[in-house]
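Here are my notes on the pockets and the ligand, as promised. Have the model open while you read.

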Amino acid sequence: MTTTSHPALDAIRARIHAAEAAASRAPGSTTLIAVSKHQPPDRVQAVLAAGHTCFGENYVQEAQGKWPAWREGFPGLDLHMIGPLQTNKLNAALRLFDAIHTLDRPSLATKLANAVQRGAACPQLFVQVNTGLEAQKAGISPADLDGFLRDCRGMDLPVFGLMCIPPEGADPVPHFRTLRAMAEAAGLAGLSMGMSSDFESAIAEGATHIRVGSAIFGARDY
Ligand SMILES: *Cc1c(COP(=O)(O)O)cnc(C)c1O
């Protein structure tokens, strides 16, 4: 397929490769999730036209309104749910997304396991960890993680990795390190961490998936 160039995307790709090299990591070992929530359709289509196939969305309803149609032209599309997932939207999410980064509570794990037992394809799963112990933030607290992962295994729910959103304004690096240590201890390969402002430090700390929105698309349209 011919692709059109996208300077902002190219610049992010170059920074990812440089960060991988600086950390002695293999080139291409970081998956770039282009976070397209609240972006005008023409900006998303420009990134699709540049040959990028991995996108992240925060809201099931918003994603339902655009991706089923776009998916037709891009069979290799890889769509990641990175926002809070209400259990009443779970079935719609399972039809739409290839990965869910926000497995953040036991009730969602139970519903997910039931859906998979009934025959739904299981998306790639990341458990969101509330590394900052923030009351207003979703996620499993670090102290509860082992028990939660054990419960997931008990329900035959395969967890691929961990995800975190460090507290706003805080140095993210200690949170990235904590998440990595928890993933290693649990034998999990995936680490979803790093956004526009800090993805290079996340790559240095071992991120396998970075979630970058505004640095690719520009400021969001609310
Ligand atoms: C919106 C969002 C992002 C992308 O944020 P940018 O700062 O625009 O890169 C990443 N992760 C999550 C969970 C988000 O909600």
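The points below go through the ligand site and then the other pocket.

1. Ground rules first: this is a predicted model, with local features needing pLDDT of at least 70, side-chain atom pairs counting only at pLDDT 80 or more, and totals for chains, interfaces and linings using all residues. Residues are numbered from 1 along each chain as its sequence is written, and side-chain values use heavy atoms, with hydrogens and water left out.

2. The largest pocket has a volume of about 730 Å³. A pocket here is an open set of points on a 1 Å grid over the protein atoms alone, where a 1.4 Å probe fits, with protein on both sides within 12 Å along at least five of seven lines. The volume is the space filled by probe spheres set on those points, which are joined across faces, edges and corners.

3. Its lining runs to 30 residues, and Lys37, Ile165, Met195, Arg211 and Arg220 lie nearest the centre. Lining residues have an atom within 4 Å of a point. By class, the lining splits into 14 nonpolar, nine polar and seven charged; Gly counts as polar in this scheme, and Asp, Glu, Lys and Arg as charged.

4. The ligand sits in this largest pocket, in the sense that more than half of its atoms lie within 2 Å of the grid points. Residues around the ligand include Val35, Asn58, Ile82 and Ser196, each with a heavy atom within 4 Å of it. The shell has five nonpolar, four polar and three charged residues.

5. Now the polar contacts (N or O pairs within 3.5 Å). Lys37 puts a polar side-chain atom 2.8 Å from a ligand oxygen, and the Arg220 side chain has an N or O atom 2.8 Å from a ligand oxygen. For Arg211, a side-chain N or O atom is 2.9 Å from a ligand nitrogen.

6. The second largest pocket has a volume of about 190 Å³. Its lining has 13 residues, with Arg13, Thr30, Thr31, Leu32 and His52 nearest the centre. By class, that lining has three nonpolar, seven polar and three charged residues.

Note on methods: A polar contact is a pair of N or O atoms within 3.5 Å; within protein, one must be able to donate a hydrogen and the other to accept it, and residues adjacent in sequence count only if both atoms are side-chain atoms.
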